[in-house]
Amino acid sequence: MPPYTGPVTASSLVVAPSLLAADFSRLGEQARAVEGSADWLHVDVMDNHFVPNLTIGLPVVQDLKQATTLPLDVHLMIEAPDRWAVGYAEAGAYNVSFHAEAAQDPAGLAKDLRSAGSKAGLAIDRDTPVEPYLELLPHFDTLLIMTIKAGFGGQAFMPELLDKVRTARRHLRSGHLELRIEVDGGINEETVEAAAEAGADAFVAGTAVYGAADPAAAVRAIRRTVETAAPRPPDGETP
Ligand code: DX5
Ligand code: ZN
């Protein structure tokens, strides 16, 4: 077996600031503030049904696409994604993640998203186990594991949810699957290290980026922390 070098290399690392913590009266400007430091821009779409909060929808995502060069990482916290998700791919989103809890036919929807030109992401909320979805992963490009309960920014990171990241990472390694594992919720310079060690390679951060005086510097600080996080072998393997 080749030596284990850790789940994250500098080139494979994605930092995705979440606009949820930005100033909604100047979204374009806030998006551009992290061009050059961020890899993706995370856009939280909430419908006040799947989660008890309401944010933005398709028209705003269409305009954001024109306002920034950053790839848009759309996180749909909505009911009936089977009906609505493809519109976001058609609007030019780079990745569209929908919640496993809300989708009727996750594999079919992933196929439709890919046909419409985006990557397909499966999102797993706080109270949902990951095991039932492992066999669906070949249909997806990203697996978004919530590290809080979906719905609001600014909540405290829940380290116990990283067990799902470890389970998914082990599954990907054993099946030689290429998939990003993205963590979302309470990620900051302190918590990101544990998430990286668990096997995540994409990191969403809202408050830690847009709550900072210098959002670009906050992105760079998170990236540095992940890059220097000590690689830790998965359970049962020696380095
Ligand atoms: C919450 C959203 C997150 C949110 C994270 O449901 O999915 O993307 O913006 O915000 P922080 O980083 O503040 O926890
Ligand atoms: Zn999100």
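Start by selecting ligand 1 and the 21 residues around it (a heavy atom within 4 Å); Ser-18, Asp-184, Gly-186, Gly-206 and Thr-207 come nearest. Before you go on: this is a predicted model, where local features need pLDDT of at least 70 and side-chain atom pairs 80 or more, while totals for chains, interfaces and linings use all residues. Residues count from 1 along each chain as written, chains are lettered from A and ligands numbered from 1 in written order, and side-chain values use heavy atoms, leaving out hydrogens and water.

Next, show the polar contacts of ligand 1 (N or O pairs within 3.5 Å). One of its oxygen atoms sits 2.8 Å from a polar backbone atom of Gly-206.

Now click on the zinc ion, ligand 2. Which protein atoms are its donors? They are His-42 (NE2), Asp-44 (OD), His-75 (ND1) and Asp-184 (OD), at 2.1 to 2.3 Å; a donor here is an N, O or S atom within 2.8 Å of the metal (3.2 Å for Na, K and Ca), with water not among the atoms. Along the sequence, their spacing reads H-x1-D-x30-H-x108-D. The zinc ion has six donor atoms at angles of 72 to 173 degrees, so the arrangement is octahedral (opposite donors over 155 degrees apart, all others between 65 and 115).

Last stop: colour by accessibility. Are His-42 and Asp-44 buried or exposed? His-42 is buried, because its relative accessibility is 0%, and Asp-44 is buried at 7% (the cut-off is under 20%, 1.4 Å probe, protein chains only).

How values were computed
Tetrahedral: all angles 85-135°; square planar, octahedral: opposite > 155°, others 65-115°. Buried < 20%, exposed > 50% of the residue type's maximum accessible area, 1.4 Å probe, protein only. Polar contact = N/O pair within 3.5 Å; in protein donor to acceptor, adjacent residues only side chain to side chain.
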